[in-house]
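Here are some notes on the structure, written for someone meeting it for the first time. Please read each point with the model open beside you.

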Amino acid sequence: MASVARTVTSGPGPVRRAGNAVARATQRTSTAVVRRVRRHTHSGGAGESGLAKLIELHAVNSAGDMLITVALASTIFFSVPTGEARGRVALYLLVTMAPFALLAPVIGPLLDRIPHGRRAAMAMSMLARAILAWTMAGVVATAGLELYPAALGVLVASKAYGVVRSAVMPRLLPARTTLVKANSRVSLTGLLATAVAAPIGGLLHLIGPGVPLYGAFVVFVCGTLLSFSLPHKVDSAKGEARAELTSGEDGEPHRHLGRQWREKRPGLRSVGGPVLHALQANASLRALSGFLTLFLAFLLREHPLGGLSGPVSLGLVAVAAGTGNAFGTALGSWLRARGPERIIISALAAALAATCVAAAWYGVLTIAVVAAAAGIAQALGKLSLDALIQRDVPEEVRTSAFARSETALQLAWVIGGAIGIVLPLNGTLGMAVAAALVAVGFAFSVRGLMTGARRRATRPRTV
């Protein structure tokens, strides 16, 4: 009887049937997941407007960037002593700052001159990262200096994608959907893709240090193809002009176009008082993010929190920051840009309070609160800045305004990170410096934001 039972449950036939059953179950599960994801990305008219294509493209972009981050972090940070790692990251930031300083006045005008090539520009940023990821895969194990130019190219290409994505967003808005809500959907999808790609990158790294980069190569090749699936209207420049980011004496944006507009020297002084002050506030929050990212990475590696190990301390802070960012993004979508000036003021106040408390009582709880507060504040601040640009900047110049503001914010992150690199590894001192970064933004922006909010309250709501 035992032999009969074995023949029923074993052998080529049962094994083949069991394998087919597993394959069918896996296919049904993956199909159901894909269907649910597409239902989410295409909801609210996003499928008809083309926003769904951009959401899916951004998910691919975020996943590829995370795979590269995992590969580089293991090389320039975790695999070497702290002093040497700080030197390598400092070199990376030093090499990074000069190109971003040049990109700030260049990307916007360049994008203005090639409005009919936005899909191609996004595809080229994906293709460039695919090629660079393949190149870095061959040298990442040795972590030689030749790795840094390639990593710099990846960073610049990633920034170029972000600028173009912000520029095409207004073209893909569904009816009755605000820009802040659309940006929230895109950001949430990117966070989800990052959360999925991070453990996959870790598993690939166990196979070999270059394997995550080969994975990134495949992801970015797919992104290159997806870029051309965006609607043709993202390449349309009908009615657009170049933005000269200056403001009038009353704080209202200049809306002059044509020859007089073009003759003025471009700069990031403002396209109106509220947008200027919102950009200043966001720059301080972005500098805070860069500072906390690098300072806490090195601090917690040498001095873990409350008896925890270094990796556990870093993981706790990373989870708190990611949760805060996701919560802030979801909250921004729910608020739908109601009173963006007041939202930015609240975000600044919360970040300032959290960093001041952490400076006074440095510990596990306060550092986790700082990380979460910084994530929430950065997400809410960026979504509110987008809402103000949509509200106050004429459609004819909105593309250029997005390009310039995005580049300025990235430069602020690099500056904050550089401060975190050179600062001594003292938790109380670090939190005091973090509070100072937020306080500077608070001092420069809050009065103007409050004035703009009061002025706006006397007018009919348009957002």
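1. Phe291 and Phe295 lie four residues apart in helix 11 (residues 273–302), and are therefore separated by about one helical turn; helices here are DSSP runs (H or I, at least four residues), numbered from the N terminus. Phe291 and Phe295 are both buried, a word that means under 20% relative accessible area, with exposed over 50% and partly exposed in between (1.4 Å probe, protein chains only).

2. This is a predicted model, in which local features need pLDDT of at least 70 and side-chain atom pairs count only at pLDDT 80 or more, whereas totals for chains, interfaces and linings use all residues. Residues are numbered from 1 along each chain as its sequence is written, and side-chain values use heavy atoms, leaving out hydrogens and water.

3. Phe291 and Phe295 also form a stacked aromatic pair, 5.1 Å centre to centre with 10° between the planes; rings of Phe, Tyr and Trp (its six-membered ring) pair if their centres lie within 6.5 Å, and planes under 30 degrees apart count as stacked, over 60 as edge-to-face and the rest as tilted.

4. By this rule there are three aromatic pairs. Trp134 and Tyr214 make an edge-to-face pair, because their ring centres are 4.9 Å apart and their planes stand at 75°. Trp134 belongs to helix 6 and Tyr214 to helix 9 (residues 211–227), so this pair ties together parts 80 residues apart in sequence.

5. Trp134 counts as partly exposed, at 47% relative accessibility, and Tyr214 is likewise partly exposed, at 35%. Ring pairs link Trp134, Tyr214 and Phe217 into a cluster.

Note on methods. Helix = DSSP H or I, 4+ residues; strand = E, 2+ residues; numbered from the N terminus.
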